[in-house]
Structures are given as structure tokens and as C-alpha cells.
Amino acid sequence: MISKVLQDFLPLVPIVLGHTASKNEEVDQKSGGQQSKNLELILITYGKKTLTVLNPLKPADGSIMNETDLTGPILFCITLGATLLLYFFYDSLPVGLYKPAFHKAGKVQFGYVYGMSALGCLGIHTLLNLMSSSGASYGCVASVLGYCLLPMVILSSCAIFSSLQGTFGTVLALVIVGWCSLSASKFFSSALGMEGQQLLIAYPCALLYGLFALLTVF
Amino acid sequence: MAYHSGYGAHGSKHRARAAPDPPPLFDDTSGAYSSQPGGYPAPGADVAFSVNHLLGDPVASVAMAYGSSIASHGKDMVHKELHRFVSMNKLKYFFAVDTAYVAKKLGLLVFPYTHQNWEVQPSRDVPVPPRQDLNAPDLYIPTMAFITYVLLAGMALGIQKRFSPEVLGLCASTALVWVVMEVLALLLGAYLATVRSDLSIFHLLAYSGYKYVGMILSVLTGLLFGSDGYYVALAWTSSSLMYFIVRSLRTAALGPDNMGGPAPRQRLQLYLTLGAAAFQPLIIYWLTFHLVR
């Protein structure tokens, strides 16, 4: 019974983590004037990186990954938490109240989602270390993967408004997964200096995001 | 709890760089980290910083710091043990591929009949990476094909309403066990027939992993076109895979000095190669027929 209650609160974990992690930053920013410049720099870089994700056809320069310490899966936690929270609260509404009858009231196993995303991050990190001449740290990989999770939010919001079981849903899911994986591979190939390997990196990212979409949305 | 401290530690790196005011419990290695963005983070130092802010209780903070130092020590030990068995440089050779190589190799796996030159480029000291030599084996395709096969199996079972995560794990471990057994059998055969020792375990792993591409194609056609499509695809991919393996392993096993060597040994090597090739369709059928019912 306790585990069931814990299970209900599992989707809140990323929001809590993201909030705690960013709170550490806020506490530092308040102590000193030179840190306000740091804050602006961080915001500008985050804005630039978001734009790079949202425009997958534009080539990215390799330096944007090096400007900040890519240690924070902060944005990853916040994005993930927002998506899952959205779907979780919608899922818990009774059918008929703002929720049309075709919405699948299935149980989303959040434990599987976390385990699979951790395993996927680890796998992509291993693959990147093997394929590139300069390795990538785990925080860097997790941060980039979390960043490119942004288009998945669009998919889950569409899942709320209209059923995704038909052809349109499948095509939309495929397009979004392709978008996510293309931007992730663009980040990785520009930052790690791997030429001619962007599609090779995009394929395992597409597998990961496809599995993610399958587990959370379908 | 450990999850929490790990993520809090990452966020505190900004502060660690900007204001080194709090007295450090451990050495401040975060400066070293920021100068090499490709290096591994130092979790021990960072947890020390975050713990000061998150927990007022000193005993719990010391316990957490100790636990995280144990974790980093464990991670180092795992890395050391892993490096004893698997040489990263040798493994990196197999992943030095690019998109053109992968596309051509996949085409070769499906239709190898028109390829003329099967010789691996001779090298003086460092083997030519797969980027420059189409005939060199790689491990990227087999790994990706294995993972795709496991996911496809899950999807096929889901379509047939027979899906559960345990079945997926069962599929994955069965396929893995078959790969390991086949590699061991090939190693034993190569040892008995005293084949040229250029064929390391990774080479054999690569060649036995190429059949997963055929498996994926068979399952996909089976899902799209029904049972007949599955058998047609199975026959086609099996024959092309057998041809591919026989041609590749013959040149790799016999080597450039295949004129020397006694005739019965050469025949033994030929039988070994043919046996390995004939084994492939059986495995493909065994691992896929329950998915296309």
C-alpha cells in the first residue's frame, strides 16, 4: 500500500530534482554582483540551445556546448517532469470530465520510464565514447538528451486533445521522434567533432526517443 | 537519496566555480573539471558543496559524503576491471565508421553477389579502420541490429497482444546467449583448425552479429506481408548471408599466404567456414519464427 502511494508520487520526482538543483544556483546568484552576469550568460546560452533544438535544419556551431559547464541535467529534469506531470494529472481525471472517452486510461509505469531513460543515457554515452576521438561526459550526454526532449512535449499535448491511435497519430509520432533525434545528433556531432557520423548517432537516439514515446504516450 | 544528492551536486558546479567561499570538505577538483569538459566529473568534491546547503545535520552529511566517495571508488574499480578484459583502443577500431560505410555494408549484406574484391586491405602495423575499407568488419552494425531486433520483437509481440516486459527481457537474453554460444563455437573451431590468429574475438562477434540484419528484415516483411512474405525474406536473407560469410571468412581465415599450409588443414578450414555459414539460417529461423505467427 505504501508502495502504491509512492508510485503515485513518482512523476513528481523530476520536478523536485530540477527545482532543488536550480535552487542551488539561485542561492549562489544572490550572493554577489558578478554572479548576475553569470545568470545572464546562462539564460542566453539556454535560449540559443533551445533555438537550435527547435530548428533542426540549421547547422549548430560546436562551441555552444562548451560555453557553460554542461553538468546540469537541470533542464532535462524540468522538461521531463513537466511532461509526465501533464500526462499524469490528465490521466487521473475521471473519464467524461474534460477527458473524452477515447483517451486511454492506461497505467503508465513510471518506474519503467526512469529505468529505460537511465539505461538509454548510459548506452548513448558508451557509444559516443567509442565512436568519437574525444569522449563525452555523462552529464553532457544527459543534458543534451534532455534538451532534445522538448519536441516530445508537443506530442504529449497532442495526445491529450486527440487520440493518437490512428494513422495521423503514428505519422506525428514518427515526425516528432525524427525531429528530436536529428537535433540531438546535430549537437553531438558538432560538439565532439565527428564528421560523417551524424546519421549514425541519430539512429540510436531515434530508438531511444521512439521507445520513450511508446511508453509515455501510447 | 543518492539520486537526489547526485543531481544536486551537478547543479552546484556553477557555484563552485563562481564563489569558492564554503570551506571544502574535500579537495576542490571542480576547477580541473571545468577546464576539461570531456573529462569525468568528480562526484566526491561536488557532493561536499551541495551537502552544506541541503542538510544541516553533520552526521548525515558525513555519511552521504562517505557513501558518495565509496560510489566513486567503486566506479573506478569497475573501470579498471573492465579495462583489463576489454581494450578500449581495440574496441574503438571497430566503431570508427561513417554513414557511407554503413550504407554500403548494409547493401552488401542484402545483395553480396556482385561484389568483386573481398580482400581486407593489408596493413603494416595498424589495421585499416572500417571507414576506409569496405571489407573490414565493424561492431556498430551488429550492435544496432541487435538492439533493433529486441525492440522489434517487443513490438511484434505487442501487436499480437502477447507483450509484457518480462517477455522482452527473455527475448533479449535468449538472443544474447545464442550469440555467445556461436562465438565460442567459432573460437573452438578456429583453435582446432589452427586458423591464422588475426581473427580476434571481436572479429567473430562482428561476423556473427551480421545475421541480426537479416533477422530484422525477415521479421519486418513478415509483419507487413504475412507468413509468406516472412518465408521469402528468410530464404533470401539466409542465402545472401551465407554467401557473405563464406566469402569474407575465407579471405580472412586463409590470409594472404594461403598457398602454404597442408591440404587437409585447408579443407578443415573450408568445412569450418561452411559449417558456420550453414548454421546461420537455423539460428535466424529459431529466433524469429515465434514472432511471425
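To what extent is H10(B) enclosed by the rest of the structure? Select helix H10, residues 201-209 of chain B, and check: seven of its nine residues are buried, so this helix is largely enclosed by the rest of the structure. The buried ones are B:Phe202, B:His203, B:Leu204, B:Ala206, B:Tyr207, B:Ser208 and B:Gly209. Buried here means under 20% relative accessible area, exposed means over 50%, and partly exposed is in between, with a 1.4 Å probe and protein chains only. Helices (H or I, at least four residues) and strands (E, at least two) are DSSP runs, numbered from the N terminus.

A quick word on ground rules before moving on. This is a predicted model, in which local features need pLDDT of at least 70 and side-chain atom pairs count only at pLDDT 80 or more, while totals for chains, interfaces and linings use all residues. Residues are numbered from 1 along each chain as its sequence is written, chains are lettered from A and ligands numbered from 1 in the order in which they are written, and side-chain values use heavy atoms, with hydrogens and water left out.

**Stop one: a chain of rings**

Stay where you are and show the side chains of B:Tyr207 and B:Tyr210. They form an edge-to-face aromatic pair, 6.0 Å centre to centre with 70° between the planes. (Rings of Phe, Tyr and Trp, the last by its six-membered ring, pair if their centres lie within 6.5 Å; planes under 30 degrees apart count as stacked, over 60 as edge-to-face and the rest as tilted.) B:Tyr207 is buried at 4% relative accessible area, and B:Tyr210 is buried at 0%.

B:Tyr210 sits in the loop between H10 and H11 of chain B and B:Phe244 in helix H11, so the pair ties together parts that are 34 residues apart in sequence. B:Phe244 is buried as well.

For another group of rings, select B:Phe111, B:Tyr113, B:Trp236 and B:Tyr243, which ring pairs link into a cluster. Over all chains, a search of the whole structure finds 13 aromatic pairs.

Next, click on B:Lys211, which is found in helix H11 of chain B. Is B:Lys211 buried or exposed? It counts as buried because its relative accessible area is 1%. Contact means heavy atoms within 4.5 Å; leaving aside neighbours within four places in sequence, B:Lys211 touches B:Glu182, B:Leu241, B:Gln280, B:Ile283 and B:Ile284.

**Stop three: the largest nonpolar core**

Which residues have the most contacts inside the largest nonpolar core? Select A:Leu145, A:Met152, A:Phe188, A:Tyr209, B:Tyr140, B:Tyr149 and B:Tyr212; the core has 89 residues. Such a core is a set of buried Ala, Val, Leu, Ile, Met, Phe, Trp, Tyr and Cys residues joined through side-chain atoms within 4.5 Å. Helix H11 of chain B, residues 211-254, gives the largest share, twelve residues.

Zoom in on B:Tyr149. Apart from neighbours within four places in sequence, B:Tyr149 is in contact with B:Ala175, B:Tyr212, B:Met215, B:Ile216, B:Leu287, B:Thr288 and B:Leu291.

**Stop four: over to chain A**

A:Leu145 takes you to helix H7 of chain A, where it is one of the buried residues. This helix, residues 138-147, is mostly covered, with nine of its ten residues buried.

Then look for A:Cys205, which counts as buried because its relative accessibility is 0%. The structure holds zero disulfides over all chains, a disulfide being a pair of cysteine sulfur atoms within 2.5 Å. For A:Cys205, the nearest cysteine sulfur is that of A:Cys148, 7.8 Å away.

**Last stop: the listed spans**

An unreviewed UniProt entry lists "transmembrane region" for chain A at several places, including residues 140-162 and 168-188; such annotations may be inferred rather than shown by experiment. Residues 168-188 of chain A are 100% helix, with end C-alpha atoms 30 Å apart.

For chain B, UniProt's unreviewed entry has spans that include 139-161 and 167-192. Select 167-192 of chain B to see 100% helix, with end C-alpha atoms 37 Å apart. Finally, zoom out: chain B has twelve helices and zero strands, and 41% of its 293 residues count as buried.
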